[in-house]
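Here's a quick briefing to read with the model open beside you. Have a look at the fold before going through the points below.

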Amino acid sequence: MSNIRIAFKVHGTVQGVGFRDFTQKCAKLDELKGWVRNTTCGRVEGEAQGSDEKVKKFLQRIDKGPSMAHVVKMEKRTLDVRDGEEGFAVMRTAESMFKPEN
């Protein structure tokens, strides 16, 4: 089974509600590699890599979010798979690097 990698950006009430920790727990359940962080524009973004089936399951979970979150929109795009990455990290808040596909 081949791996895929996606970038995601979640809009809504997603900061201050445990969304990054929730995302990390979901990624670990699905044995995904990648990262998640808050953005300075009030969103949560990240990248996730694993089997197609597990990435889809992960996206379904984070589209609902933790109980205090309210997801209104999730953007995603496909990236090239990366080798050598270990685990799923919670990163520091930064400017969004998410660029939608044209």
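Searching the whole structure turns up zero disulfides. Keep in mind that this is a predicted model. The fold to picture is an open sheet of five strands, ordered E4-E1-E3-E2-E5 with mixed pairing, and H1 packs on that sheet.

**Cysteines**

- Cys26 is buried, at a relative accessible area of 4%.
- Cys41 is partly exposed, and its relative accessible area comes to 41%.

**The sheet and the helix on it**

- Which strands sit at the edges? They are E4 and E5 (88–90), each of which pairs on one side only.
- On average, neighbouring strands of the sheet are turned by 20° against each other, if you ignore direction.
- H1 touches E1 (3–13), E2, E3 (44–51), E4 and E5, and its direction makes about 175° with that of E5.
- As a reminder, strands of a sheet pair through backbone hydrogen bonds, in either a parallel or an antiparallel way.

**E2 and its two partners**

- E2 is mostly covered, with five of its six residues buried.
- On one pairing, E2 and E5 go parallel over three bridges. Here Trp35 stands opposite Ala89 in E5, and Val36 stands opposite Val90 in E5.
- E2 and E3 run antiparallel and are joined by six bridges. In this pairing Val36 stands opposite Gly46 in E3.
- The hairpin of E2 and E3 has five residues between the strands, and Gly42 there takes a positive phi near 90°.

**The annotated pair**

- UniProt, in an unreviewed entry, lists Arg20 and Asn38 under "active site". The two span 19 residues in sequence, yet no two of their C-alpha atoms are more than 7.5 Å apart, so they gather at one spot.
- Arg20 is found in H1 (residues 19–29), while Asn38 has its place in E2 (residues 33–38).
- Buried or exposed: how does Asn38 count? Asn38 is buried, with a relative accessible area of 10%. Arg20, on the other hand, is partly exposed at 27%.
- Setting aside neighbours within four places in sequence, Arg20 is in contact with Val36, Arg37, Asn38, Val44, Val90 and Met91.
- Asn38, with residues up to four places away in sequence not counted, touches Val14, Gln15, Arg20, Arg43, Val44, Arg92, Thr93 and Ala94.

**The nonpolar core**

- The largest nonpolar core has 20 residues, and the ones touching the most other members are Phe8, Val10, Phe19, Ala48, Phe58, Leu59 and Ile62.
- E1, H1, E3, H2 (52–64) and E4 are the elements that give two or more residues to this core. Which of them gives the most? That would be H2, with four residues.
- Take Val10 as a way in: beyond its neighbours within four places in sequence, Val10 is in contact with Phe19, Arg43, Val44, Ile62, Val71, Lys73 and Met74. Two of those contacts, Phe19 and Ile62, are themselves named among the core residues that touch the most other members.

- Apart from neighbours within four places in sequence, Lys76 is in contact with Ala7, Phe8, Leu59 and Phe98. Phe8 and Leu59 are both on the list of core residues that touch the most other members.
- How far apart are the C-alpha atoms of Lys76 and Phe98? They are separated by 8.9 Å, with the residues 22 apart along the chain.

**A backbone detail to check**

- Glu31 is found in the loop between H1 and E2, and at 58% relative accessibility Glu31 counts as exposed.
- The phi of Glu31 is near 55°, a positive value in a residue other than glycine. For context, most residues other than glycine have a negative phi.

Methods
Residues numbered from 1 in each chain as written. Predicted model: local features only at pLDDT ≥ 70, side-chain atom pairs only at ≥ 80, totals over all residues. Heavy atoms only, no water. UniProt positions renumbered as here; feature names shortened; annotations may be inferred. Buried < 20%, exposed > 50% of the residue type's maximum accessible area, 1.4 Å probe, protein only. Contact = heavy atoms within 4.5 Å. Disulfide = S-S within 2.5 Å. Pairing = 2+ DSSP bridges. Axes fitted to C-alpha atoms, helices over the stretch in contact; angles between N-to-C directions. Core = buried A, V, L, I, M, F, W, Y, C linked by side-chain atoms within 4.5 Å.
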